Amino acid sequence: MGVFKLGGMTLKSLFKKAPTRRYPYEKREPFERTRGQIDMIDIHDCIFCGLCQRKCPADSIVVDRNESRWEYFPYKCVACDSCVRSCPKHDLKMMQERPSITTNAKESRVYELTPEEKEEKARREAEKKAQAAAKAAAAKAAKEARAKEDVPES
Amino acid sequence: MSKRTVIPFGPQHPVLPEPVHLDLVLEDERVVNAIPRIGYVHRGLEKLVEKRDYTQFVYVTERICGICSFGHSLGYSQCIEQLMGIEITDRAEYLRVIFHELSRIHSHLLWLGLLADGFGFEALFMHAWRLREQVLDIFEECTGGRVIFSACDVGGFRQEVSNETLKGIVIVLERLREEYRTIAKTLLDDSSVKSRMVGVGYLSHEQAKEYSMVGPFARASGLEVDERLLGVGAYGELSSFEPILSDQGDCYARCDVRVKEVLQSIDIINELVAKIPEGDVMVPVKGSPEKDAETMMTLEQPRGQAFYYAKGNGSKFLARMRIRTPTSQNIAGMVAALSGAELADVPMVILTIDPCISCTER
């Protein structure tokens with residue numbers, strides 16, 4: 001009988017620590033590399049390039065550049081880590097905790113700049129654009145002037 | 001001649017966690033024919049190549065099946081690397097084979113537990129799954145996932161696994177080998193196990209050849225088919241490799257082959273860990289497969305040969321991706337092994353064949 005042949009192993013198990021645990025009450029420490037879900041470290045560092053959205057195989061990230069909005073659907077996410085690896089600003093991190101049980105699998109986490117910050121950002125961008133336009137205009141004028149100077153010489 | 005009866009087996013059945021339906025045509029208690037019907041878990045994953053680009057499709061292939069997940073991502077990555085002419089580093093090749101063999105151990109231990117459970121041998125089932133848990137812990141520690149690793153990618157292996165961790169894996173496996181020997185011996189030497197399996201579900205060498213069988217099912221009938229013999233990747237670096245064969249062709253032989261394959265996998269891992277080279281594990285991948293470039297790749301999964309075919313269309317999306325899995329090859333053999341068996345032996349025959357239905361249907 002197989003039961004008696006396994007007896008030694010079974011007897012040993014009597015005196016060893018149980019290999020199982022009472023799960024919902026007793027949780028195991030996750031490993032360092034365990035992949036649970038991702039999180040945004042600081043929305044102010046995000047440049048809304050949308051690379052994470054393009055890399056995501058499960059469409060769990062939606063980035064709106066115009067609205068400065070970054071949305072994440074933890075229950076769509078497959079925790080593959082490709083967004084974290086692709087982020088040029090290293091602004092995403094992988095967390096070890098898995099998303100908790102929910103009745104609403106469509107829920108999402110939204111990270112957004114405040115209206116003041118948005119205004120500030122728009123103002124800065126407009127300034128940058130104006131500066132760039134001014135620079136371009138100046139460069140063009142200089143080029144034209146140089147061309148005019150060059151003509152009589154030749 | 002007695003009257004024929006048709007008894008449905010599945011799609012829900014206690015011995016199989018996956019849905020497959022068989023119409024068993026019986027004469028008295030003896031099965032004379034079995035008509036399989038699949039399609040309960042078809043997900044249309046091959047069609048998804050139109051929606052996901054070739055780097056994202058690794059995650060789709062991983063999700064074809066929970067047990068063969070690493071094998072599928074490995075086969076797909078090798079296929080795309082061949083298509084684009086990417087050469088990966090030696091260390092990545094070694095790591096891939098080590099993790100592929102680890103997933104073979106985990107798959108065979110899962111099968112051993114299910115088989116024991118099918119017998120009603122609860123203690124052995126618990127012990128087999130306890131050992132499997134140690135392998136799953138290795139996976140989680142090294143790659144971050146228990147079942148779906150997302151470790152193998154086009155261009156190499158995503159996670160660097162240090163030499164110390166690899167040595168730790170060897171120590172865990174050596175401990176596992178001792179315990180595994182005890183439970184495997186218990187199963188194979190048991191008189192009641194023998195009386196239920198010896199001579200049951202017989203498939204001859206000729207039949208195995210005729211039905212183009214693959215994997216441990218074919219090797220148990222003495223057919224020498226093993227893709228590892230081709231020496232693709234780090235398999236070519238092994239000092240010797242002999243597939244495990246048996247010429248009995250019955251349920252007991254199939255168990256015997258699988259049980260020994262676990263020990264063989266541990267040996268392969270030990271050898272590769274001892275001579276793994278240093279270096280990077282990932283090479284950068286740029287560009288996309290050329291238009292109309294096509295390639296194929298075969299791989300030895302835990303259940304046998306899997307076949308991968310890919311065709312590029314000039315963009316980052318593939319034109320076609322085709323995967324043929326071992327169980328779809330083995331269904332004809334399963335029907336042949338079933339005919340002539342007793343009705344009470346049908347669960348045993350199916351369990352020793354170890355069909356993977358999610359792989360088959362994709």
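Reader: What makes helices H4 (122–143) and H5 (163–189) of chain B part of the story of the largest pocket?

Author: Each of those two chain B helices supplies at least two residues of the lining. H4(B) gives the most, with 13 residues. Keep in mind that this is a predicted model.

Reader: What volume does the largest pocket have, and which residues are closest to its centre?

Author: The space comes to about 1600 Å³. Of the 41 lining residues, the closest to the centre are A:Pro19, A:Arg21, A:Arg28, B:Glu133 and B:Asp137. By class, the lining has 15 nonpolar, nine polar and 17 charged residues.

Reader: What makes a residue such as B:Tyr59 count as lining the second largest pocket?

Author: A lining residue has an atom within 4 Å of a pocket point, and B:Tyr59 is on the list for that pocket, along with others including A:Lys55 and B:Met282. The pocket's volume is about 350 Å³. Helix H4 (residues 82–86) of chain A brings the largest share of this lining, three residues.

Reader: Over in chain A, why is the sheet E2-E3-E5 called open?

Author: Strands E2 (61–64) and E5 (109–112) stand at the edges with a single partner strand each, so one side of each has no neighbour in the sheet. The twist averages 10° from one strand to the next.

Reader: How do you know that E3 (residues 69–72) and E5 of chain A pair?

Author: Pairing takes at least two bridges. Four bridges join E3(A) to E5(A), and the two run antiparallel, so by that cut-off they pair. Within E5(A), A:Val110 is the residue opposite A:Glu71.

Note on methods
Residues are numbered from 1 along each chain as its sequence is written. Chains are lettered from A and ligands numbered from 1 in the order in which they are written. This is a predicted model: local features need pLDDT of at least 70, side-chain atom pairs count only at pLDDT 80 or more; totals for chains, interfaces and linings use all residues. Side-chain values use heavy atoms; hydrogens and water are left out. On a 1 Å grid over the protein atoms alone, a cavity is a set of points where a 1.4 Å probe fits but cannot get out, and a pocket is an open set with protein on both sides within 12 Å along at least five of seven lines; lining residues have an atom within 4 Å of a point. Grid points are joined across faces, edges and corners, and a volume is the space filled by probe spheres set on the points. Ala, Val, Leu, Ile, Met, Phe, Trp, Tyr, Cys and Pro count as nonpolar, Asp, Glu, Lys and Arg as charged, and the others, Gly among them, as polar. Axes are lines fitted to C-alpha atoms, for helices over the stretch in contact, and angles run from 0 to 180 degrees between N-to-C directions.
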